[in-house]
Amino acid sequence: HLKNKNFFAKVKTKHTNDSINLSDKLEPLFNKISARDSPYDNLNDMPDRIYLIERLRIEESSFYILCATSGSGKTMFLQYLVCCLASGQPLFGEFPVTKGSVIHLDQEQSFNQTMRRYIRICDKLNIKYKNLDIDRVNITRNLDSCEEIRTVEAELMKQFNGKTLAIIDSLNAVSEADENTDKISDILKIFKRISEKTKCAI
C-alpha cells in the first residue's frame, strides 16, 4: 500500500540536512517479506482485507487495544460499537459496519449493570437487544499461571470461533500481571493467536 504514499526520513548532521524518500526503498523490501506461516510469497497475492468497521480500520483476524484513562467511557463506547455491529447500524449513524455476531468477555461489570447499559443503548438506536447476536460471558480465573493460560486459551478458542468480534473488558481484570512483564506479553500473544485462528477481531 505504498504506491500512493511517500515516506521520508530526515538525515541531519553537521554536514547535511536532507530528506530521503523511503517509498522506493521500502516497497521492494516489503514485497520480499512473507507473513509468518503465510502461503503467500508476495503481498500483492494476499486477499483483500475484510473490514468490520473500515473507518476505524477494524478488520477480521486482528487484535486491538483501546487505551484511555479510567472513567473516560471506554466500556460505554465498546458496548455501543457492539450494538452497531450486531445490528448492522452505521457507527455514529455515519460509518458503515459489517453485521456479525459478537461475544463480550465481561470481567469489569456485574451482569445487571452490563445489561442495563446494553438495553439503554439499544433504545437510543431503536433496536431490541433480544434480537441481537451478542453473547456475554466471563471467566472465573485470572490468567496468572501457565496452566491457567493454556486452559483458558482452549476455552476462549471455542467461544470465539464463529464470532465476528470479541470484546475483552478489561485486560487488567483478566490478569493481575504487570504490563511491563513477560507474562502480560504471553497473554497478548494468546489473544492474537485466537484472533488469527478464529478470524474473530478482538
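Which residues form one aromatic cluster? Phe-77, Tyr-80, Phe-92 and Phe-95 do.

## Basis of the model

This is a predicted model, in which local features need pLDDT of at least 70 and side-chain atom pairs count only at pLDDT 80 or more, while totals for chains, interfaces and linings use all residues. Residues are numbered from 1 along each chain as its sequence is written, and side-chain values use heavy atoms, with hydrogens and water left out.

## Aromatic pairs

Rings of Phe, Tyr and Trp (its six-membered ring) pair if their centres lie within 6.5 Å, and planes under 30 degrees apart count as stacked, over 60 as edge-to-face and the rest as tilted. By this rule there are five aromatic pairs. Phe-63 and Phe-191 form a stacked pair, at 6.1 Å centre to centre and with 10° between the planes. Phe-191 is buried, with a relative accessible area of 1% (buried is under 20%, exposed over 50%, partly exposed in between, with a 1.4 Å probe and protein chains only).

The rings of Phe-77 and Phe-92 are also stacked, because their centres are 6.3 Å apart and their planes at 25°. Phe-77 is partly exposed, with a relative accessible area of 26%.

## Around Ser-87

Ser-87 lies in helix H2 (helices are DSSP runs of H or I, at least four residues, and strands runs of E, at least two, numbered from the N terminus), and Ser-87 counts as buried at 16% relative accessibility. Leaving aside residues up to four places away in sequence, Ser-87 touches Lys-99, Ile-127 and Leu-132, where contact means heavy atoms within 4.5 Å.
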